[in-house]
Amino acid sequence: MSKYTRLLILMFTIAFSLNPHLTSAHPTFHLKDRAYYEERGDIVWEVPTEDKCIALTFDDGPDHRQTAQILDVLDQYNAKATFFVVGERVERYPEIVQMQLARGHEVGNHSYRHPLFRGMSKGNMQNELSKTQQAIFQATGYKSVLFRPPGGFYNEALINVSKQNDLKFILWSWHQDTKDWKAPGVDKIVKRVLTGTRSGDIVLMHDFVANSTQTIEALKQILPELKKQGYSFVTVSELLTHKVTPDLQLKKVIH
Ligand SMILES: [Zn+2]
């Protein structure tokens, strides 16, 4: 075990004792996992950098109503974002995915039917990922390079299948899980993002939430405020090109 890994595990231990939220929000999390996968470069949670930029991400779309409205709000602030799309919805709304790319956003793979991956065979995993790659390609001629599993689930098999499909495995910053999928109220979503915002954060939101416009309303407050603070909004692939500052990586864990 490297010195770096030992230090990171120590930091996690401190973080857990200080912040019980981490354990309740991630019940399946094991201490060594993040350090292990982050160090191997297999999973990205965030990009600790001194450059003042943030990656907003939206899962579960495309949706002809909500996604279209989100795209308009993003345009108003010249913000670029990443949409992790569900393959079968891409087939239903190809024009929305075309619009996302045309407006300078990135499109990532979020599986074909949004199933639970826990306990799934490798063959079915492969099916979910490749069918979505095909759906995106057919709709747009674009080959996605990012994968985010539903529910943030990961195991060795899924990481391998993702690699075999040339997809980078992307999760999100722990302190940037807005839980907007359960419509917790606009204020809660806004507060979640604006509390402890840090350069290189990856923010988790959704552009398809049944009977809710809260994400759109929250964005109308989040975007101007963060812009005022000097942040720019970039796609995940662009964020990945920014320089990681190792010291920041350790500080981030203990928050
Ligand atoms: Zn999802």
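The exercises below concern a predicted model of one protein chain.

**Exercise 1.** State how many helices and strands the protein chain has, and what share of the residues is buried.

Solution.
- The chain holds 12 helices and 8 strands.
- Of its 255 residues, 54% are buried.
- The accessible surface is about 11500 Å², and carbon and sulfur atoms account for 54% of that surface.
- Taking contacts between residues at least 6 apart in sequence, 77% link residues at least 24 apart.

**Exercise 2.** Decide whether Gln100 is buried or exposed, and find which residues Gln100 touches.

Solution.
- Gln100 lies in helix α6, which covers residues 94–102.
- The cut-off for buried is under 20% relative accessible area.
- Gln100 has 0% relative accessibility, so Gln100 counts as buried.
- Leaving aside residues up to four places away in sequence, Gln100 touches Thr67, Leu71, Phe83, Val85, His105, Val107 and Asp207.

**Exercise 3.** Compare the reach of helix α7 with the expected value, then work out which of its residues are buried and what covers them.

Solution.
- Helix α7 runs over residues 122–140, 19 residues in total.
- From first C-alpha to last, α7 reaches 27 Å, close to the 27 Å expected at 1.5 Å a residue.
- The buried residues of α7 are Met125, Glu128, Leu129, Ser130, Thr132, Gln133, Ala135, Ile136 and Ala139.
- An α-helix has 3.6 residues a turn, so residues three or four places apart point the same way.
- The cover over the buried residues of α7 includes the strands β3 (81–85), β4 (106–109) and β5 (146–147).
- Helices α5 (87–92), α6 and α8 (156–164) are also included in that cover.

**Exercise 4.** Find which residue just after α7 takes a positive phi.

Solution.
- The residue is Gly141, with a phi of about 75°.

Definitions and conventions. Residues numbered from 1 in each chain as written. Predicted model: local features only at pLDDT ≥ 70, side-chain atom pairs only at ≥ 80, totals over all residues. Heavy atoms only, no water. Helix = DSSP H or I, 4+ residues; strand = E, 2+ residues; numbered from the N terminus. Buried < 20%, exposed > 50% of the residue type's maximum accessible area, 1.4 Å probe, protein only. Contact = heavy atoms within 4.5 Å. Areas by Shrake-Rupley, 256 points an atom, 1.4 Å probe, with all protein chains shown as cover. Expected span 1.5 Å × (residues − 1).
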